[in-house]
Amino acid sequence: MRSLILFGGGKTEVLRYNDLYSYNIDQTMWYKLVNKVGAEDISARYYHTAVWHETEDAMIVFGGRGTGMEDFNDTFVYYFRDKMWCKLPVMGALPAPRCAHTSVMLQNKMIVLGGTMGTQSLCDLWILYCNPSNTSTKHALNQYYWQQITWDMTCVQRPLSEKQNWTENNFTT
């Protein structure tokens, strides 16, 4: 089944969602996914990132901004087979709380770059190592840990409200 997953978001400055939907591309139908009764629930948020963890048949959600305008640095996984959220007990130092960052999944690693924390722009790079569950531990929750990557990079720090006008002159080939 080909599908698109939608989690959370916001409508106004104070209205946030923690709903999870699946759009079946072949049937052109939306389905609301539910959290297993008794499982931990993820708080409502927007400006978060989510990546697909193919090995675990799961979606990993990191960070975002909540209803009270607080930024998060928590990491949750939604396991589609079990229909449940789990907050990851990640090991090691954690990234600073953030929203409006960028994430990508690459070979069992979630790479997180930048974002903002309150009004401060962030220019850091973190990797969440997501080792496949090849142990008897259910979902291998003990196999996740963060590591900050140091790099020699100067970031242009701009407030979220400042817009960038992009032209072909902004890019080099």
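1. The structure, which is a predicted model, holds 11 aromatic pairs, where rings of Phe, Tyr and Trp (its six-membered ring) pair if their centres lie within 6.5 Å, and planes under 30 degrees apart count as stacked, over 60 as edge-to-face and the rest as tilted. Tyr129 and Tyr145 form a stacked pair, with 4.8 Å from centre to centre and 20° between the planes. This pair links distant parts of the chain, since Tyr129 lies in strand β10 (residues 120-130) and Tyr145 in strand β11 (residues 144-149), 16 residues apart; strands are DSSP runs (E, at least two residues), numbered from the N terminus.

2. Tyr129 is buried at 16% relative accessibility, whereas Tyr145 is partly exposed at 35% (buried is under 20% relative accessible area, exposed over 50%, partly exposed in between, with a 1.4 Å probe and protein chains only).

3. One aromatic cluster is formed by Phe7, Trp52, Phe76, Tyr78, Phe80 and Trp85.

4. The charged end of Arg16 sits over the ring of Tyr46, 3.7 Å from the ring centre, a description that requires NZ of Lys or CZ of Arg within 6 Å of the ring centre and within 35 degrees of the ring normal.

5. Strand β2 (residues 16-24) pairs with strand β3 (residues 29-33) in the antiparallel sense over 5 bridges, pairing being assigned if DSSP finds at least two bridges between two strands. Asn24 has Met29 in β3 as its bridge partner, and the two strands, β2 and β3, form a hairpin with 4 residues between them, where Thr28 in the turn has a positive phi of about 50°.

6. On conventions, residues are numbered from 1 along each chain as its sequence is written, and side-chain values use heavy atoms, with hydrogens and water left out. For this predicted model, local features need pLDDT of at least 70 and side-chain atom pairs count only at pLDDT 80 or more, while totals for chains, interfaces and linings use all residues.
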